[in-house]
Amino acid sequence: MRESTRHALERAAELTRNNRLVEAVATAEPVILAADECESAEIRQWLTDHADDFTREP
């Protein structure tokens, strides 16, 4: 996964934890939509592995 993609996902998790869901989606959506098939699989795995990043207390 590209570093910029991972950074966007981490930022989206941070925004979600801070109840800024619209901004989180706006941050993550472009990189998710731009990902090729291989990177999409990596993104899905990252999201599965880091689900708690989106829900734990800030």
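## Asparagine 19 and its loop

Asparagine 19 is exposed, with a relative accessible area of 72%. In this predicted model, asparagine 19 belongs to the loop that lies between helix 1 and helix 2. Although asparagine 19 is not a glycine, its phi is positive, at about 60°.

## Packing of helix 1 and helix 2

Helix 1 spans residues 3-17 and helix 2 spans residues 21-34; they pack at an angle of about 165°, and their axes are 8 Å apart. Because angles over 145 degrees count as roughly antiparallel, helix 1 is roughly antiparallel to helix 2. The crossing of these two helices is left-handed.

On the side of helix 1, the contact is made by Thr5, Ala8, Leu9, Arg11, Ala12, Leu15 and Thr16. Helix 2 contributes Leu21, Glu23, Ala24, Thr27, Ala28, Val31 and Ile32. Sorted by class, the contact of helix 1 with helix 2 comprises 9 nonpolar, 3 polar and 2 charged residues.

## The aromatic pair

A pair of aromatic rings is described by the distance of the centres and the angle of the planes. The structure holds 1 aromatic pair. This pair is formed by the rings of tryptophan 46 and phenylalanine 54, with their centres 6.3 Å apart. The planes of the two rings stand at 85°, so the pair is edge-to-face.

Is tryptophan 46 buried or exposed? Tryptophan 46 has a relative accessible area of 8% and is therefore buried, since buried means under 20% relative accessible area.

How values were computed:
Residues are numbered from 1 along each chain as its sequence is written. This is a predicted model: local features need pLDDT of at least 70, side-chain atom pairs count only at pLDDT 80 or more; totals for chains, interfaces and linings use all residues. Side-chain values use heavy atoms; hydrogens and water are left out. Axes are lines fitted to C-alpha atoms, for helices over the stretch in contact, and angles run from 0 to 180 degrees between N-to-C directions. Helices (H or I, at least four residues) and strands (E, at least two) are DSSP runs, numbered from the N terminus. Angles under 35 degrees count as roughly parallel, over 145 as roughly antiparallel, 65 to 115 as roughly perpendicular and the rest as oblique. A crossing is left-handed if the near helix is turned anticlockwise from the far one by less than a right angle, and right-handed if clockwise. Contact means heavy atoms within 4.5 Å. Ala, Val, Leu, Ile, Met, Phe, Trp, Tyr, Cys and Pro count as nonpolar, Asp, Glu, Lys and Arg as charged, and the others, Gly among them, as polar. Buried means under 20% relative accessible area, exposed over 50%, partly exposed in between (1.4 Å probe, protein chains only). Rings of Phe, Tyr and Trp (its six-membered ring) pair if their centres lie within 6.5 Å; planes under 30 degrees apart count as stacked, over 60 as edge-to-face and the rest as tilted.
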